[in-house]
Amino acid sequence: MKALSLLVPLEDHKALLRDLQRLGCVALETAEAEGFQALPSQAGDLRQTIREVQRALEILGRFVPRKKPLLSPRRDISAQDFWDEGLWNAGLDSARRIGQYQQTLDTLSARETQLQAQRLGLLPWQHHSLPLETQGTRTTRLLPGTLPAAIALPAVQESLQQTANTAILQPISSDKDLHYLVLLFHESQEKEAMDHLRPMGFALPGWKGLEGTAADNIRRIDLELDRIKGQQQAARQGILALGDQYEGLETTLDRLSQLLSREEAAERLRSRGSVALLKGWMPAAREEDFLRLMEKNDCAWQLREPE
């Protein structure tokens, strides 16, 4: 026998009482459920957990596709296994671990993209021998920057000399889009030099905060990218190792859905006013019949093993 507790609208409890007696439930007692209206709802937490388990199944499907026919029936599971606490906790733990592995992969992927963009921006400067944080001397300024590739640098240098005679352009590299160069000038002529170059498209690079040479930073980035690849592989292996958890996750999802249905029924009960509390004992062998009966009734219920 299993201990049975139900909350049911007061006006419906007599009909349900008869149905329970037909199932073989005994020692059924009825009382008004005082304080029930004040009980907090767990529906929000259950919906969130359902989303997490659904997400885990979706992730698992990407990494470990199931080899079974489309529309194949779900496996049968006994009521005992369905409510087994060990299987329940294992399913929740598997969902949590799969979600954490995926979160790790998402974080690593974002960092990888950021580093690859940074590396790409540093490649044209890899032969520049000065540290990126170099700004000049006490009286001179040094600015790295770019100009459109269509501009002829000798002509720019010549016109720049006429505006700021201390300014020098030192080319570093060029590609089909840009010239990469260093502008050196006396600090007293900064305004003249910049006013001359900005209309031509002179722009500063986007490596703010980096220290050391471009080559040093490229090597650092390559090492970090290698570490990221190792961490990604470990996270993928973690998901693959859980590839046999499909059935456990599906059972957990089914149980969560059952619990949510029960909690939503309780919410509806709270909105209907007076509620009756039924307590008694139910034959363990009739549990599946009991579950089918609960699907037809707007009530909240609980089964537990005798203490």
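This is a predicted model: local features need pLDDT of at least 70, side-chain atom pairs count only at pLDDT 80 or more; totals for chains, interfaces and linings use all residues.
## Ground rules

Local features need pLDDT of at least 70 and side-chain atom pairs count only at pLDDT 80 or more, while totals for chains, interfaces and linings use all residues. Numbering starts from 1 along each chain as its sequence is written, and side-chain values use heavy atoms, without hydrogens and water.

## The largest nonpolar core

Let's start inside. A nonpolar core is a set of buried Ala, Val, Leu, Ile, Met, Phe, Trp, Tyr and Cys residues joined through side-chain atoms within 4.5 Å, where buried means under 20% relative accessible area with a 1.4 Å probe, protein chains only. The largest has 21 residues, and V53, L60, I98, L249 and L256 touch the most other members. At least two residues each come from helix 2 (43–63), helix 4 (85–122), helix 7 (214–240) and helix 8 (246–270); helices are DSSP runs of H or I, at least four residues long, numbered from the N terminus. Helix 2 gives the largest share, 8 residues.

Another core, of 18 residues, lies apart from this one and includes L4, V8, L17 and L23.

The buried residues of helix 2 are A43, L46, I50, V53, A56, L57, I59 and L60. Leaving out residues up to four places away in sequence, V53 has contacts (heavy atoms within 4.5 Å) with A95, L249, T252, L253 and L256.

## The cavity

The lining of the largest cavity consists of H128, P131, L132, T134, L142, P144 and W207. Lining residues have an atom within 4 Å of a point on a 1 Å grid where a 1.4 Å probe fits but cannot get out.

Notes:
Buried means under 20% relative accessible area, exposed over 50%, partly exposed in between (1.4 Å probe, protein chains only). On a 1 Å grid over the protein atoms alone, a cavity is a set of points where a 1.4 Å probe fits but cannot get out, and a pocket is an open set with protein on both sides within 12 Å along at least five of seven lines; lining residues have an atom within 4 Å of a point.
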